[in-house]
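Have the viewer ready and try each task before reading on.

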Amino acid sequence: MASSSSSPPPPPPSSHHADSSSSFSGKWEYDVFLCFRGDTRHSFTSHLSAAFRDRQVNFFIDNMLNKTESIDELTSVLKRCALSVVIFSEKFPDSSWCLDEVATISQSMTKFRHRVLPVFYRVDSSDVSGDSGSYAKTIERKYGARASKFWKKTHRASKSPEDRKRLLSFWVIRIESELVEAIVNCVQNTLLEMSPRVKPDNLIGIDFRVDEVVELLAMDTNDFRIIELWGMGGVGKTTLAKACYQRVISTVEGIKYHFVGDINQRDAMETRMEEMITKLYSTLLSESNLTYDNLLFDERKRRLSHLRVFLVFDDVENLSQIERLLLGNHLSSTHLFAPGSRIILTTRNKMVVGNVGAKIYHVDCLSHIESLQLFQLHAFGESRPSDDLMGLSSRAVSYCQGCPLAIKVVGGALIGKSRDYWVSFLSDMRQIPTPEIRHVLMRSYNALGGKEIQSLFLDIACFFYGTNKSLVTKYSPAYHLLEVLIDKSLCTCVVERTRERIQVHALLRELAWSIVNDESIKLENPTRLNNLGDIQKLLTKKSLPSLQGGSTAQGIYLDLSKASEIDVEANVFEGMTSLRFLAIIYSGNKEGAPKIHVPYDAFTTLPDSLRWLQWQKFPSKSLPSSFTPKNLVALSLEYSPILKRCWDVEVCEMHFSE
């Protein structure tokens with residue numbers, strides 16, 4: 001790496017046996033430790049780093065390492081990394097720090113099975129490893145013969161037979177973009193190889209999650225506990241609940257147990273709900289002839305109060321469903337069953353249990369490597385993907401963003417298909433979610449009930465993901481319902497330094513746009529627009545059946561990065577009295593002239609209904625004098641020639657978005 005310390009490399013390591021306690025277990029904090037010299041930092045290494053980020057490879061780079069301390073700190077870092085990528089460049093041997101790192105990496109291979117992938121960047125492998133190569137000469141000149149001898153020994157040790165085999169393909173690549181792609185593919189394949197082998201009947205990423213839930217259950221204590229598994233639709237709540245159920249009933253004795261599935265779907269039909277309740281208590285009481293009408297006899301209630309039970313209530317939507325399952329008792333009641341009883345709930349609604357002291361376990365999405373493993377299982381079976389499909393696999397997994405349901409659906413749709421089919425499928429998938437995924441996610445949207453909160457969800461998913469939470473609460477009069485959306489797993493808030501940013505899963509964002517598009521077709525008037533073609537026709541006043549009466553538009557989000565020039569009239573926004581959100585951005589190159597042109601560089605109107613105005617490269621030197629910003633809560637006019645604001649700045653408090 002980029003250090004110029006003058007201390008010599010460390011002495012050769014003493015012989016030792018591998019430390020079994022440090023051996024690879026399939027879990028690591030970082031995927032890759034990136035070792036390089038500063039001469040490549042702003043060129044090849046920066047391109048490789050960007051590719052790692054794009055493909056969600058979690059890597060550790062030198063600016064995260066405190067070099068004021070001993071090189072021993074590196075050993076601790078390497079234990080948390082699955083493998084190292086070492087970029088040997090022309091000036092690499094000039095840095096004793098880089099040589100120290102390679103020596104430490106070599107020791108780590110022996111101590112805890114650390115893997116190494118050497119990359120020869122604009123140097124020949126013989127320069128690095130040969131006895132008379134430029135590396136050996138430089139090291140001997142700077143640090144002496146002993147250091148040179150140690151370098152040769154270290155470098156030979158750092159290349160396993162598997163690594164040498166992979167390097168054969170790297171040596172013939174001269175185009176840097178292709179080399180970067182090859183390295184990333186190789187790293188991801190290596191990570192998959194290092195992960196525990198997955199068989200079709202295995203569950204991926206489940207073991208440690210089950211361990212965490214079982215720890216919350218604390219089956220050896222004598223209190224009454226409720227564990228809520230909470231998360232978005234398709235994230236794997238039911239799968240986790242089933243795994244926990246199997247773990248408990250196979251290891252804990254002296255309990256009565258039952259798994260009640262699909263509660264929300266059965267609740268829609270009274271007879272099915274009654275059948276479900278009857279089966280539950282028939283199992284607990286060991287009575288095969290039990291009927292729903294005679295459940296509440298006092299004798300049966302007495303017997304239940306002496307039973308220690310372990311129950312799973314899967315797919316719960318509201319508290320009344322739980323109370324029906326508990327024969328009218330409130331969830332906080334501890335007298336229905338014996339002490340030491342446990343209930344696990346799975347739900348999309350965090351507040352389903354109210355304030356009864358339940359322990360909430362948030363079911364997160366899969367990590368990127370777990371997602372790749374699951375996708376590989378469903379798209380390739382037990383075979384390994386070819387290199388040309390590895391990049392597409394990563395693209396598919398990135399689309400699914402760790403949602404197991406989506407990964408299974410997409411992987412199953414691509415198994416055995418050609419590369420051309422993959423490309424076409426993945427392109428279309430971003431426009432319309434597959435029916436299986438849409439069906440699951442639509443349940444969460446429909447469960448919101450009211451138009452006001454559904455409209456808030458559409459606004460957030462279409463326009464406000466990644467935005468400062470405080471601005472959103474000022475934008476919408478329904479801001480008080482934001483916490484409800486969070487509790488129902490339709491969005492989350494992530495704390496970044498002193499701010500909270502709203503995050504929405506990519507699948508939920510696409511669901512929102514599909515709902516908006518469906519409504520636009522049904523009503524023949526869109527309320528929210530982000531399609532470049534539709535917005536161009538609206539702004540240029542061209543005929544478009546679904547855009548007749550543009551005043552219905554409530555929000556416009558336009559990315560002009562790839563658009564051509566657009567000529568509009570000065571009164572283009574006249575009549576758009578419902579427009580609350582207007583964002584015109586350039587996500588790519590911010591340089592250059594605006595692509596929207598208005599006569600005399602001046603708009604005559606902007607809707608007074610606007611609450612959010614974000615316009616990069618605003619083509620006028622001032623906002624319209626007729627514009628009254630009484631409703632405006634956020635304003636951003638980046639890269640614009642704006643000279644003055646034509647209103648009294650005390651009319652409203654201005655907040656600048658980022």
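## Aromatic ring exercises

In this predicted model, ring pairs join Phe 463, Phe 464, Tyr 475, Trp 513, Phe 581 and Trp 612 into a cluster. With that picture in mind, let's work through some pairs.

**Exercise 1.** Count the aromatic pairs, then classify the pair formed by Tyr 30 and Phe 60.

*Solution.* Start with the total: 26 aromatic pairs. Next, take the geometry: the ring centres of Tyr 30 and Phe 60 are 5.2 Å apart and the planes meet at 85°, so this pair is edge-to-face. Then locate the partners: Tyr 30 belongs to strand 1 (residues 30-35) and Phe 60 to strand 2 (residues 59-60), 30 residues apart. Finally, check accessibility: Tyr 30 has 11% relative accessibility and therefore counts as buried. Phe 60, at 3%, also counts as buried.

**Exercise 2.** Work out how the rings of Tyr 245 and Phe 310 are arranged, and which parts of the chain they tie together.

*Solution.* The centres of Tyr 245 and Phe 310 lie 5.8 Å apart with 20° between the planes, and the pair is stacked. Tyr 245 is in helix 10 (residues 237-251) and Phe 310 in strand 7 (residues 309-316), so the pair ties together parts 65 residues apart in sequence. Both Tyr 245 and Phe 310 are buried.

**Exercise 3.** Find the rings over which the charged ends of Lys 417 and Arg 509 sit.

*Solution.* For Lys 417, the ring is that of Tyr 421, with the charged end 5.2 Å from the ring centre. For Arg 509, the ring is that of Tyr 465, and the distance to its centre is 4.0 Å.

Methods:
Residues numbered from 1 in each chain as written. Predicted model: local features only at pLDDT ≥ 70, side-chain atom pairs only at ≥ 80, totals over all residues. Heavy atoms only, no water. Phe/Tyr/Trp six-rings, centres within 6.5 Å; stacked < 30°, edge-to-face > 60°. Helix = DSSP H or I, 4+ residues; strand = E, 2+ residues; numbered from the N terminus. Buried < 20%, exposed > 50% of the residue type's maximum accessible area, 1.4 Å probe, protein only. Lys NZ or Arg CZ within 6 Å of the ring centre and 35° of its normal.
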